[in-house]
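Let's take a walk through this structure together. Have the sequence and the 3D view ready, and follow along as we go.

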Amino acid sequence: MRPSCAVSVCHVLMLVLCLSAAEDFDWTKDEHGSFYYGTFPAGFSWGAGGSAYQTEGAWDKDGKGLSIWDVFSHKKGKIQQNETGDSSCEGYYKVKDDVSLMKELMLNHYIFSISWPRIIPTGIKSDHINERGIQYYDQLINQLLENKITPIVTLYHWDLPQFLQEKYGGWQNISMVNHFNEFANLCFERFGNRVKHWITFSNPWSVAVEGYETGEHAPGLRLRGTGAYRAAHHIIKAHAKVWHTYDTQWRGKQRGLVGISLSGDWGEPVDISNQRDIEASERYVQFSLGWFATPIFHGDYPQVMKDFVGRKSAQQGLGTSRLPSFSPQEKSYIKGTCDFLGIGHFTTRYITHKNNPSGRSSSSFFTDRDVAELVDPRWPDPGSEWLYSVPWGFRRLLNFVKTQYGNPTIYVTENGVSEKMLCTELCDDWRIQYFKDYINEMLKAIKDGVNVKGYTAWSLLDKFEWDEGYSERFGLYYVDFRNKNKPRYPKASVQFYKQVISSNGFPNQREVENWRRKAVETCSSSNQLLAADPLTSHMEMVTEIVVPTVCTLSILLCAIFLMFLLRRRN
């Protein structure tokens with residue numbers, strides 16, 4: 001995710017968007033402060049999630065190959081405090097422990113990703129299949145099912161095999177489409193008898209923009225103005241090919257579903273009377289969520305992307321647009337390749353029109369959009385610098401998806417909030433507030449007719465947060481990364497979320513307020529337990545390091561004393 005541009009916006013604005021098909025949702029109505037008490041439809045699925053590189057650890061164990069994140073995080077200066085995901089949560093060794101946390105939380109589903117280089121070390125299936133990697137995911141899937149938790153499996157959550165990056169240039173190269181399809185096909189073959197929900201890519205926006213445009217993420221390339229568009233083009237083709245592979249070879253016997261998870265902020269116009277701001281706010285959403293969703297649902301890129309990137313490319317003297325194009329055959333092949341749409345959403349921005357220069361030296365994905373992002377300084381921001389709590393934007397984004405893409409089946413695949421704290425704090429009252437408000441906006445969206453079937457709290461555990469290392473914590477469970485055993489401790493939000501799941505929503509005000517009070521009371525005793533653990537870790541260190549040092553020092557002193565006595569005697 002990208003940092004925000006914090007500018008004062010001191011009044012609450014109402015949304016006016018010119019959406020042709022928005023018959024059901026009143027975009028002009030201001031319900032920012034209201035709370036709706038009610039429950040979700042029967043069968044609504046509640047879950048939590050994580051990803052392979054962020055949680056597994058065991059980066060070089062049991063035959064796993066290198067990923068681009070293994071290499072990137074080992075380069076000095078790329079990650080805060082030069083931290084890596086080498087061990088992260090040690091999830092590779094804690095399958096039973098972590099599934100027991102999920103069971104205690106009463107989860108219906110768990111989203112996790114399969115590390116491509118863990119099961120195909122080079123990324124090329126014909127080179128070698130790592131059976132020990134297959135066994136690990138077999139164990140995880142079986143444990144989930146034994147505990148009546150549905151596995152929702154992501155095929156790509158950013159950890160491309162390093163070999164493919166070095167040999168072909170990663171997602172800059174069209175050959176990734178076939179290699180990814182072979183990897184996906186192997187997963188369908190080995191796990192598809194038990195996995196019925198597949199996600200091809202998680203947040204491809206970040207893969208394309210932060211991996212190949214800004215270089216903030218692995219593989220760290222800065223191909224301004226072209227890299228992100230080329231990577232996204234190949235990712236969309238790869239998604240479509242995998243969907244067709246499942247549809248033709250596996251769907252008949254396995255009866256599963258294949259979707260994609262797209263992340264997007266909501267964009268709200270700064271000046272509701274200014275048509276250019278209204279258009280800019282929609283353009284902001286189209287350049288993120290729409291960039292991938294529109295080809296998948298309608299067969300081609302959003303017209304506004306084609307217009308803006310094409311015009312700026314022409315102004316730069318280029319013969320063709322920097323945004324690649326799909327052939328008629330590709331358009332029809334890509335269109336409709338989505339059994340469900342995963343939505344990752346965290347925050348909202350106010351958007352205004354901004355004319356960016358069109359010179360060749362200044363071309364980039366960000367300047368192509370001609371927008372400026374602003375935030376209201378009153379919005380809560382407990383953790384990541386880009387993540388402000390703006391619940392009402394969630395309902396608007398979900399209604400936008402309904403309007404733009406024909407009300408598809410939606411699973412919310414990521415939603416949560418981080419904290420940046422120097423000291424340990426399990427009483428995460430702000431996270432309870434965030435979950436309460438965002439889940440309630442989702443409930444309102446379902447009342448609006450949006451077809452949301454499930455919700456995933458992000459994330460189950462504190463974990464490695466990409467270029468931020470371990471400085472930000474998204475987890476429902478606190479992980480003590482200083483302790484080699486990586487123990488987990490429940491935050492107050494665990495108890496609150498558990499009550500939401502148990503009640504399938506928000507029955508009444510008194511009950512919901514009681515959940516919050518009890519959750520905060522419970523976390524106080526957990527805080528005391530955790531406070532004792534650093535002492536235990538310190539005592540282990542004293543035993544392992546200080547005691548031998550004292551013993552060595554004692555022996556040296558004894559030897560010196562004996563030498564002194566012998567000299568006196570002589």
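The side chains of H109 and S45 are joined by a polar contact of 2.7 Å. Keep in mind that this is a predicted model. H109 has another partner too: its side chain makes a polar contact of 2.9 Å with the side chain of T456. You'll find H109 in strand 3. Is H109 buried or exposed? With a relative accessible area of 1%, H109 falls under the 20% cut-off, so it counts as buried. If you skip the neighbours within four places in sequence, H109 is in contact with several residues, including W46, G47, I149, I152 and Y455.

At least two lining residues each come from helix 1 (52-55), helix 3 (95-105), strand 3 (109-113) and helix 5 (131-146). Sort the lining by class and you get 10 nonpolar, 5 polar and 3 charged residues.

Now hop along to helix 15, which takes in residues 429-447. Most of helix 15 is covered, with 15 of its 19 residues buried. Just after helix 15 comes G449, which takes a positive phi of about 105 degrees.

How values were computed
Residues are numbered from 1 along each chain as its sequence is written. This is a predicted model: local features need pLDDT of at least 70, side-chain atom pairs count only at pLDDT 80 or more; totals for chains, interfaces and linings use all residues. Side-chain values use heavy atoms; hydrogens and water are left out. Helices (H or I, at least four residues) and strands (E, at least two) are DSSP runs, numbered from the N terminus. The expected span of a helix is 1.5 Å times one less than its number of residues. Buried means under 20% relative accessible area, exposed over 50%, partly exposed in between (1.4 Å probe, protein chains only). Ala, Val, Leu, Ile, Met, Phe, Trp, Tyr, Cys and Pro count as nonpolar, Asp, Glu, Lys and Arg as charged, and the others, Gly among them, as polar. A polar contact is a pair of N or O atoms within 3.5 Å; within protein, one must be able to donate a hydrogen and the other to accept it, and residues adjacent in sequence count only if both atoms are side-chain atoms. Contact means heavy atoms within 4.5 Å.
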